[in-house]
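My entries follow in the order in which I looked.

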Amino acid sequence: MCGKRIVSMAVKCIAVVVMLGTAWYAIAQDAKTPYPSMAPLDQYLMTDRNAEIALARSAAPPSIAKDATVMVLGRRGYETAVEGTNGFVCIVDRGWTDGFDKPDFWNPKKYGPQCLNPQAARTVLPIIFMRTKFALAGQSKEEIHESMKAAVEKNELPAVEPGGMAYMLSKQGHLTASYGPWLPHLMFYVPLKDAKTWGAGEPGSPILVNTHYNGVPEPVTEFLVPVSEWSDGTPASTHHH
């Protein structure tokens with residue numbers, strides 16, 4: 001009887017140790033991934049529509065933004081808030097347009113004001129719209145990746161047009177938990193190819209390769225070129241880097 005009792009107590013102790021170990025592992029994983037899944041939709045929406053319009057327009061110089069179309073995020077996706085006349089489209093993108101390996105993918109506080117030129121509005125904006133559609137449909141990060149991969153394989157996204165670019169010059173943006181607005185920069189979009197064709201990422205090169213798309217899985221390479229001023233004309237300080 002004594003032996004059975006000891007064995008029973010040992011089994012229970014092992015079970016407790018395993019349970020505690022599992023709990024601590026889960027806590028550790030959450031610490032590494034502060035945003036493991038999508039938060040409630042309301043946390044991604046800006047309650048002040050005019051504030052989102054102003055934030056979107058802050059992505060580009062006023063001479064361009066004042067005549068651009070402005071789109072804001074609603075419960076069913078992006079919707080037009082202001083009709084523009086110059087072909088540019090200004091929006092505030094959310095974390096799910098970032099690289100799938102980024103810890104801020106589901107960060108509800110991530111706001112990325114950008115203003116795309118006509119070529120990028122026609123061929124890059126559909127990527128943002130499609131990712132947003134899958135996110136709002138409740139798909140996980142892995143499911144969004146697979147859905148985008150399937151869309152690429154079925155040619156459901158337009159080919160990138162030559163000359164596609166976007167302004168990202170807003171100092172009100174919040175691109176990551178670490179960097180806030182980062183640096184004012186321009187983004188250029190080209191069909192998927194080796195970054196060396198632009199010298200991107202080479203020592204001393206001002207051109208960086210972003211991991212938003214770059215074939216994972218969308219067939220687009222996105223180059224970043226930091227610039228010295230925000231859209232309001234004030235100089236950017238190096239501490240944002």
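Entry 1, the second largest pocket. The model I am reading is a predicted one. I began with the second largest pocket and found that 13 residues line it, with Leu157, Pro158, Ala159, Val160 and Pro219 lying nearest its centre. Its volume came out at about 160 Å³, and when I sorted the lining by class I had 10 nonpolar residues, two polar and one charged.

I then turned to the largest pocket, which holds about 450 Å³ of space. Of the 20 residues in its lining, Asp98, Lys102, Thr176, Asn210 and Leu224 are the closest to the centre. I also asked which elements give two or more residues to this lining, and noted strand S6 (185-191) and strand S7 (208-209). By class, the lining of the largest pocket divides into nine nonpolar, six polar and five charged residues.

How many cavities of 30 Å³ or more does the structure hold? I found one, and I noted a volume of about 40 Å³ for the largest cavity.

Entry 4, helix H2. In H2, which spans residues 49-57, I marked Glu52, Ile53, Leu55 and Ala56 as buried. Looking down the axis of H2, I saw that these buried residues fall within an arc of 165°, so they line one face of the helix. As a reminder to myself, an α-helix has 3.6 residues a turn, so residues three or four places apart point the same way. I next looked up what covers the buried residues of H2, and the cover includes strand S1 (69-74), strand S2 (77-82), strand S3 (89-93) and strand S4 (112-116). At the N-terminal end of H2 I found Asp48 as the cap, with a side-chain oxygen 3.1 Å from the backbone nitrogen of Asn50.

Is Thr69 buried or exposed? I counted Thr69 as buried because its relative accessibility is 14%, where the cut-off for buried is under 20%. The side chain of Thr69 reaches the backbone nitrogen of Gly84 at 2.9 Å. Leaving aside neighbours within four places in sequence, I listed Thr80, Val82, Glu83, Gly84, Phe88, Val89 and Cys90 as the residues in contact with Thr69.

Key: Residues are numbered from 1 along each chain as its sequence is written. This is a predicted model: local features need pLDDT of at least 70, side-chain atom pairs count only at pLDDT 80 or more; totals for chains, interfaces and linings use all residues. Side-chain values use heavy atoms; hydrogens and water are left out. Buried means under 20% relative accessible area, exposed over 50%, partly exposed in between (1.4 Å probe, protein chains only). The arc is that of the directions from the helix axis to the C-beta atoms. Contact means heavy atoms within 4.5 Å. A polar contact is a pair of N or O atoms within 3.5 Å; within protein, one must be able to donate a hydrogen and the other to accept it, and residues adjacent in sequence count only if both atoms are side-chain atoms. On a 1 Å grid over the protein atoms alone, a cavity is a set of points where a 1.4 Å probe fits but cannot get out, and a pocket is an open set with protein on both sides within 12 Å along at least five of seven lines; lining residues have an atom within 4 Å of a point. Grid points are joined across faces, edges and corners, and a volume is the space filled by probe spheres set on the points. Ala, Val, Leu, Ile, Met, Phe, Trp, Tyr, Cys and Pro count as nonpolar, Asp, Glu, Lys and Arg as charged, and the others, Gly among them, as polar.
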